[in-house]
Amino acid sequence: MRGFRRRQPEGHAEVEPVPNARRYEALGRVMAALSSEAEVRDACRDLMWWRAADESWHVEWGDGPYASEVADLVIERVREPGVEGGLAGPSGLVTPTTANLDVMGVGFLLRAVDPLGLERLRTTPGLWRMSASIEGGGEPGGRTGSRRDWEELLGG
């Protein structure tokens, strides 16, 4: 199949393909970085990922943080113990809705659909904050005239 071979410019050596084990290790490190931040983990709806035709990974979510915020998180968290510098960095355009990253030599496209941003998520009460509200503000003597935090969350 002659048409599918990637041709390199004169004087450039053929680039070695990245082994599949490294591709999946890079995906695992990105997903571990995403799950390490509770607000990112809980705010991203419909988190999906798939391998593209060019062997890169596409990660997409609805609502939640901006793609630039997730890219910063991944760059900060994907590190090798005992090695200076990170294993991730931007490889292209980084905007609020998309970010191109290189993680361990593997390409990633992060895409936020209808993002809200972490700052807005931190200030907006949600049901995932309910347990902290219930545990934090109980009056030992009984009910007072003011509404409790969990009543504000549930609208009661």
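Trainee: What should I know about the model before reading it?
Mentor: It is a predicted model, where local features need pLDDT of at least 70, side-chain atom pairs count only at pLDDT 80 or more, and totals for chains, interfaces and linings use all residues. Residues are numbered from 1 along each chain as its sequence is written, and side-chain values use heavy atoms, with hydrogens and water left out.

Trainee: How many helices and strands are in the protein chain?
Mentor: Six helices and five strands, counted as DSSP runs numbered from the N terminus (helices H or I, at least four residues; strands E, at least two). Along the sequence the pattern is α-α-β-β-α-β-β-β-α-α-α.

Trainee: What order do the strands take in the sheet?
Mentor: The order is S1-S2-S5-S4-S3, in an open sheet with mixed pairing; two strands pair if DSSP finds at least two bridges between them. Strand S1 (45-51) and strand S3 (88-94) are the edge strands, each pairing on one side only. From one strand to the next, the twist averages 20°.

Trainee: And S1 with S2, parallel or antiparallel?
Mentor: Antiparallel, with five bridges joining S1 to S2. Tryptophan 49 stands opposite valine 59 in S2.

Trainee: Which strands does H3 lie across?
Mentor: H3 lies across S2, S3, S4 and S5, and runs at about 15° to S4. Axes are lines fitted to C-alpha atoms, for helices over the stretch in contact, and angles run from 0 to 180 degrees between N-to-C directions.

Trainee: Changing topic: which residues touch the most other members of the largest nonpolar core?
Mentor: Leu34, Trp61, Val74, Val103, Phe108 and Leu110, out of 30 residues. Such a core is a set of buried Ala, Val, Leu, Ile, Met, Phe, Trp, Tyr and Cys residues joined through side-chain atoms within 4.5 Å. H1 gives the largest share, six residues.

Trainee: What is valine 103 in contact with?
Mentor: Leaving aside neighbours within four places in sequence, valine 103 is in contact with Ala26, Val30, Val74, Val78, Leu87, Ala88 and Phe108. Contact means heavy atoms within 4.5 Å.

Trainee: Is methionine 104 buried or exposed?
Mentor: Buried, at 16% relative accessibility. Buried means under 20% relative accessible area, exposed over 50%, partly exposed in between (1.4 Å probe, protein chains only).

Trainee: What about aspartate 114, buried or exposed?
Mentor: Exposed, with a relative accessible area of 59%. Aspartate 114 is in the loop between S5 and H4, and its phi is positive, near 50°.
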